[in-house]
Amino acid sequence: MRGRRGIPPLLAISARQLCGGAGGLGSWARSLPTGTAIQLREKDLERADLIDLGRALRSAFDGVLIVNGDLEAALACDADGVHLPSDAPWREVGARVRQRGLLLGVSTHSLEELAAASEAGAHYAMFGPVFDSPEKRRFGPPQGLERLRRAARVGPPVLAVGGVDAGNAPAIARAGAHGVAAIRAFVDPRTAADLETAWIGAAGTMPRCEAK
């Protein structure tokens with residue numbers, strides 16, 4: 001098992017359809033800015049296929065690798081953590097994730113869910129959508145920066161998600177978020193590099209959240 005590492009402030013969420021299919025994810029992973037974490041989020045795949053994809057990513061990428069929603073798959077591909085959706089049984093599954101020495105991340109869409117994430121022992125939480133995003137509209141209207149400021153004070157370190165790009169990354173940093181998570185902002189190496197530059201320029205550093 002890999003030594004536990006904290007969640008970096010930049011988290012790229014996978015979408016193989018935007019990267020030329022499963023075979024393109026390795027090249028995509030290698031194109032990310034140094035220190036960026038990856039969340040393997042391919043919900044339509046069976047576990048065996050998810051494990052194969054995770055192992056391919058692990059061989060191409062030495063950074064923090066998080067698997068969405070599947071502890072067994074995370075263990076099988078030597079990932080660093082598991083990310084649970086907002087409707088998952090955080091306490092039950094989260095306890096198993098923590099017992100195996102992995103990072104526990106959760107998706108949240110309210111301050112109440114952030115408080116529950118803290119009680120469940122999450123090492124980090126995504127919070128959003130902060131800005132409008134086609135992928136996040138089913139979770140309601142954008143939360144906005146003021147709610148993000150409040151979220152950053154409630155529970156575990158917060159990664160802002162939803163409509164994140166280089167243009168709004170400085171405002172997210174000033175709101176107190178630990179970092180940002182996105183799909184489309186990381187698809188193109190140029191926009192990913194712009195996001196990294198904007199984040200470092202605003203936050204002044206690339207901090208790691210140490211797991212406890």
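Buried means under 20% relative accessible area, exposed means over 50%, and partly exposed lies in between, with a 1.4 Å probe and protein chains only. Helices (H or I, at least four residues) and strands (E, at least two) are DSSP runs, numbered from the N terminus. This is a predicted model, in which local features need pLDDT of at least 70 and side-chain atom pairs count only at pLDDT 80 or more, while totals for chains, interfaces and linings use all residues. Residues are numbered from 1 along each chain as its sequence is written, and side-chain values use heavy atoms, with hydrogens and water left out.

**The whole chain**

Begin with the entire protein displayed as a cartoon. Its secondary structure comes to eight helices and eight strands. Along the principal axes, the C-alpha atoms fill a box of roughly 40 × 40 × 30 Å. The radius of gyration (taken over C-alpha atoms; the globule rule is 2.2 Å times the number of residues to the power 0.38) can be compared with that rule. A compact globule of 212 residues would have a value near 17 Å, and the protein has 16 Å, which agrees. Of the 212 residues, 52% are buried. Contact means heavy atoms within 4.5 Å. Among contacts between residues at least 6 apart in sequence, 57% join residues at least 24 apart.

Select strand E2, residues 37-40. Which residues lie on each side of E2? Ala-37 and Gln-39 are on one side and Ile-38 and Leu-40 on the other; all are buried, and both faces of the strand are covered.

Leu-11 has Ala-37 as its bridge partner in E2. Between these strands the chain passes through helix H1 (residues 25-31), and this β-α-β crossover is right-handed. A crossover is right-handed if, with the strands pointing away from the viewer, the path from the first strand over the helix to the second runs clockwise.

Next, select strand E3, residues 65-68. Leu-65 and Val-67 point one way, Ile-66 and Asn-68 point the other way, and all are buried. E2 and E3 run parallel and are joined by three bridges. Ile-38 has Leu-65 as its bridge partner, and Gln-39 stands opposite Ile-66. Display helix H2 (residues 47-60) as well: E2, H2 and E3 make a right-handed β-α-β unit.

Then show helix H3 (71-76) and strand E4 (81-84). E3 and E4 run parallel, with three bridges between them, and Ile-66 stands opposite Gly-81 in E4. E3, H3 and E4 make a right-handed β-α-β unit.

**The loop between H3 and E4**

Select Asp-78, which is found in this loop. Asp-78 has a positive phi of about 60° although it is not a glycine. Its relative accessibility is 29%, so Asp-78 counts as partly exposed.

Now move to Asp-80, in the loop between H3 and E4. Is Asp-80 buried or exposed? Asp-80 counts as buried because its relative accessibility is 3%. Show the side chain of Arg-58 too: a polar contact of 3.2 Å joins it to the side chain of Asp-80. A polar contact is a pair of N or O atoms within 3.5 Å; within protein, one must be able to donate a hydrogen and the other to accept it, and residues adjacent in sequence count only if both atoms are side-chain atoms.

**The nonpolar cores**

A nonpolar core is a set of buried Ala, Val, Leu, Ile, Met, Phe, Trp, Tyr and Cys residues joined through side-chain atoms within 4.5 Å. Select Trp-28, Ile-38, Val-106, Leu-148, Ile-172 and Phe-186, which have the most contacts inside the largest core, a set of 55 residues. Apart from this core lies another, of 14 residues, among them Ile-7, Leu-11, Ala-15 and Leu-159. Centre the view on Phe-186: leaving aside neighbours within four places in sequence, its contacts include Leu-10, Trp-28, Leu-32 and Leu-195.

**Two last stops**

Select Gly-128 and Pro-129, which are joined by a cis peptide bond with omega about 0°. Pro-129 is in the loop between strand E6 (124-127) and helix H6 (144-151).

Finally, select Ala-116 in helix H5 (residues 111-119). At 31% relative accessibility, Ala-116 counts as partly exposed. Ala-116 and Arg-91 are 25 residues apart in sequence and 9.1 Å apart in space, C-alpha to C-alpha.

Technical notes:
Two strands pair if DSSP finds at least two bridges between them.
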